Amino acid sequence: MRASILRRIFRRVTLPPAEGIVLDAILSKANMFGKRARVAFKCLAAITGFSIRHVKRIVKSLTYERRLLRVTKRVLWPGHNAINV
């Protein structure tokens with residue numbers, strides 16, 4: 001394999017400690033299959049001890065860069081979200 005492919009795979013599976021803590025907090029709220037965790041950013045911040053802004057940044061990194069999470073926004077009406085799942 002090329003070195004760049006191995007570098008990409010290794011980068012995706014190794015997590016910084018902060019991302020691991022937030023991921024563990026999300027998984028503690030998930031069902032037995034690791035799906036359908038309904039937890040607010042405020043709750044994640046309280047569980048982990050990080051600020052809400054830092055938790056949002058970490059969740060964004062886990063969602064878009066690492067692709068380890070998938071966030072589904074439930075919409076009540078345009079412009080008003082019910083909950084992030």
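What share of the chain's contacts with a separation of 6 or more comes from residues 24 or more positions apart? The share is 42%, where contact means heavy atoms within 4.5 Å.

**Before you click.** This is a predicted model: local features need pLDDT of at least 70, side-chain atom pairs count only at pLDDT 80 or more, and totals for chains, interfaces and linings use all residues. Residues are numbered from 1 along each chain as its sequence is written, and side-chain values use heavy atoms, with hydrogens and water left out.

**Select the whole chain.** The C-alpha trace spans about 50 × 30 × 30 Å along its principal axes. Show it as a cartoon. You will find four helices and two strands. Their order along the sequence is α-α-α-α-β-β. Helices (H or I, at least four residues) and strands (E, at least two) are DSSP runs, numbered from the N terminus.

The accessible area is about 6900 Å², computed by the Shrake-Rupley method with a 1.4 Å probe. Carbon and sulfur atoms hold 58% of that surface. Of the 85 residues, 25% are buried, meaning under 20% relative accessible area (1.4 Å probe, protein chains only).

**Select residues 17–28 and 52–65.** These are helices H2 and H4. Their axes, lines fitted to C-alpha atoms over the stretch in contact, come within 10 Å and cross at roughly 90 degrees. H2 and H4 are therefore roughly perpendicular, a label for angles of 65 to 115 degrees.

**Show the side chains there.** On H2, pick Ala 18, Glu 19, Val 22, Leu 23 and Ile 26. They meet His 54, Ile 58, Val 59, Ser 61 and Leu 62 on H4. Seven residues of this contact are nonpolar, two are polar and one is charged. Ala, Val, Leu, Ile, Met, Phe, Trp, Tyr, Cys and Pro count as nonpolar, Asp, Glu, Lys and Arg as charged, and the others, Gly among them, as polar.

Conventions:
Buried < 20%, exposed > 50% of the residue type's maximum accessible area, 1.4 Å probe, protein only. Axes fitted to C-alpha atoms, helices over the stretch in contact; angles between N-to-C directions. Parallel < 35°, antiparallel > 145°, perpendicular 65-115°, else oblique.
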